[in-house]
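Let's walk through this one together, starting with a single pair of side chains and then stepping back to the whole chain. Have the viewer open as you read.

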Amino acid sequence: MLPDGGADDEERWLAEGIAGVQQNAFYMHRALDSNNLKDALKYSAQMLSELRTSRLSPHKYYELYMRAFDEMRKLEMFFREETRRGSCSVVDLYELVQHAGNVLPRLYLLCTVGSVYIKSKEAPAKDVLKDLVEMCRGIQHPLRGLFLRSYLSQISRDKLPDIGSEYEGDAESINDAVEFVLQNFIEMNKLWVRMQHQGPVREKEKRGKERNELRDLVGKNLHVLSQIEGVDLDMYKETVLPRILEQVVNCKDDLAQFYLMDCIIQVFPDEYHLQTLETLLSAFPQLQPSVDIKTVLSQLMDRLSNYAASSPEVLPEFLQVEAFAKFSNAIGKVIEAQPDMPVVGAVTLYVSLLTFTLRVHPDRLDYVDQVLGACVKKLSGKAKLEDSRATKQIVALLSAPLEKYSNIVTALELSNYPRVMDYLDNATTKVMAVVIIQSIMKNTTCISTSDKIEALFDLIKGLIKDMDDGAQDDELDEEDFKEEQNSVARLIHMLHNDDHEEMLKILCTVQKHILLGGPKRLTFTVPSLVFSALKLVRRLQGQDGDVTGEDVPATPKKIFQILHQTIEALSCVPSPELALRLYLQCAEAANDCDLEPVAYEFFTQAFILYEEEIADSKAQITAIHLIIGTLQRMNIFGVENRDTLTHKTTGYSAKLLKKPDQCRAVYACSHLFWTDDQDGIMDGERVLLCLKRALRIANAAQQMANATRGSSGSVTLFIEILNKYLYFFEKGIPQITNTVIQDLIELIRTEKQSDNTVADPSAEAFFSSTLRYIEFQKQKGGSIGEKYEQIKTSS
């Protein structure tokens, strides 16, 4: 296209061209000032001869063209003034400029005078325009021809014989205006396409970039067409669109086809697109395979969906023209015509179609499912997607219904939804599962039937069980894994149905899925299931029917059986501390349901775990205090069962590794023998026995400290025991007398004053606070005050 030359050469050629334009423009202006028409035409022709160059790139040629264009506007004003004054006939002038020596300057001058000719109305605008557009065929050089016709379009756009225009002629004049613009457009497009095929093959990419810079020159014709008032829907449907599409399809150039289809969509009204949808869509399968059809089609669907959203009154028109069916059919034909289209391209088209459907026909779930089904058909026979861009589009496809309906239950009604998910790789399946759960959380969606939960868990299977990709849990990011499983746990809490039978089915469905999830997940999901089941137990309190067979009514016994199986699964993790907590929670619930054997069994399981699985001393301390706290609240056990459990508990307490821990556990056991609100559990003797045993252990701890470190250590344990004595003293246990408390106070003072005792400020503060409490109760008076009266706090 261009002769070989560097950027410096091109700059020099441009400078020479501009200098030529400026020099001839100077002489032209001087001739204009002296009303010398002959010289004005001579120098203007010489100025325009600079545009005959073939050495400039489109960008540089445009700079040169704009210099000449500015000068031509001044020449046009001169011609108009001359013809107005009668110094020269516009017809003679139109003939005169045709004697210019070179074709290009001649045609520029002809277009300029033609503009004045139309303005003068001495001839019909349609005749002059027809003459000009035909004459411009004389320039077939692509770059020069494009700019010449662009000039023609520029000077004629306000002089078209349009309806309401001052140049409007007879009834057929609007057809002439349209014909003029269409003919100019067709010729410009041919020149534009021809640029691609001139020059060496090695510069093909460079030519493509240069052509891209010139595309607006061609596209402006379509904009002019869209502005013609006389182009109504009928004319657009019968003449304008078919002629444009014919040129677009026949040019067989991917750049031109993509740009012009985009132009059509952007410049013409949405109403026209809707009413000519079939004609417009029929062109897409005929485009070159290399054309980015998905982008253009997506823009068309986006534009029409925006039209529907902004003007709800037009929705019946969408149904009338069967917009969805036409788009669906067109996309199918495009994909069929381009068998090599990448998966990402096809999926992107379906995403746009789904977005269109959700915005225009949100009530038609069958349309939504149809789009998903078409996507499945395209993906069938392929393995899981590995292309990240295609995967991203699939996620967008699956997310769209969730965002639109704000209800996963609606998505569960789409039969093809899970089939699309099956094509995602395992990592993306997890991402999509998280998106689904987040949607449920955000919209507080209640999923209330076991069938829907079965379908839901099938969708989020990437989170609730190990996938068959060979990836080990160790390879997963620990924080991400925890977040995923916590989201599943939150989901389980949201499952609810007021019907007890259906809620039991839901729990069984959840149990079935989470028990297959592998040991790492159980610690996150089992607690949620247990507490959801316990909520149902609370609702069923008092129903203790016998459990036989599978199809039984929802009763606490039935649920406790499920809970026992579920917690037992934690043994494979292993997570004995968690299992023990859950057994104790179940025991407390069984207590509230008056199911003594069930409660005893859960306690038995908790003790077995304590004995056989919990070896860490800190974990043992926590566990024994949990057991004591839970057992203290139980009121269902008979004497024999309660004695067995309390005996076990006190025995475990006294066997803890460290003496201070033994001491605290033993004095905590004292609460097991005295409860205010339970008849029969007021054994003062055993309370005193526990407290005395705690004192002996505290004393032994002091002696051990003295033997090993040479000092007795802190007296904190004695002060803690004193506070327990005071608690039971106020409860009115006859065995706890003021004498016993006085003796303990004196013992603490003696221990504090011992040479072997290490000073401990916190213990001092604790003891002082305890003594102040005693004084406060004395001053308070009443029956409690009288009891405290004989206890002396001063040394």
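Start with Asp 176 and Lys 126, whose side chains form a salt bridge with an N to O distance of 3.7 Å. Asp 176 sits in helix 8 (residues 173-194) and Lys 126 in helix 6 (residues 125-135), so this pair ties together parts that are 50 residues apart in sequence. Asp 176 counts as partly exposed, at 29% relative accessibility, and Lys 126 is also partly exposed, at 26%. Keep in mind that this is a predicted model.

Further along, Lys 648 and Glu 611 meet in another salt bridge, at 3.3 Å from N to O. Here Lys 648 belongs to helix 32 (residues 639-654) and Glu 611 to helix 30 (residues 596-612), so the link ties together parts 37 residues apart in sequence. Lys 648 is partly exposed at 37%, and so is Glu 611 at 44%. For a pair with nearby numbers, look at Asp 458 and Lys 461, joined at 4.0 Å, N to O. There's also a network of salt bridges linking Asp 9, Arg 12, Glu 16 and Arg 55. Across the whole structure, the search turns up 32 salt bridges.

Now zoom out. The chain has 38 helices and zero strands. Its radius of gyration is 46 Å, well over the 28 Å that the globule rule gives for 795 residues, so the chain is more spread out than a compact globule. The C-alpha atoms fill a box of roughly 140 × 65 × 55 Å along the principal axes. Even so, buried residues make up 52% of the chain.

Technical notes: Residues are numbered from 1 along each chain as its sequence is written. This is a predicted model: local features need pLDDT of at least 70, side-chain atom pairs count only at pLDDT 80 or more; totals for chains, interfaces and linings use all residues. Side-chain values use heavy atoms; hydrogens and water are left out. Helices (H or I, at least four residues) and strands (E, at least two) are DSSP runs, numbered from the N terminus. The radius of gyration is taken over C-alpha atoms; the globule rule is 2.2 Å times the number of residues to the power 0.38. Buried means under 20% relative accessible area, exposed over 50%, partly exposed in between (1.4 Å probe, protein chains only).
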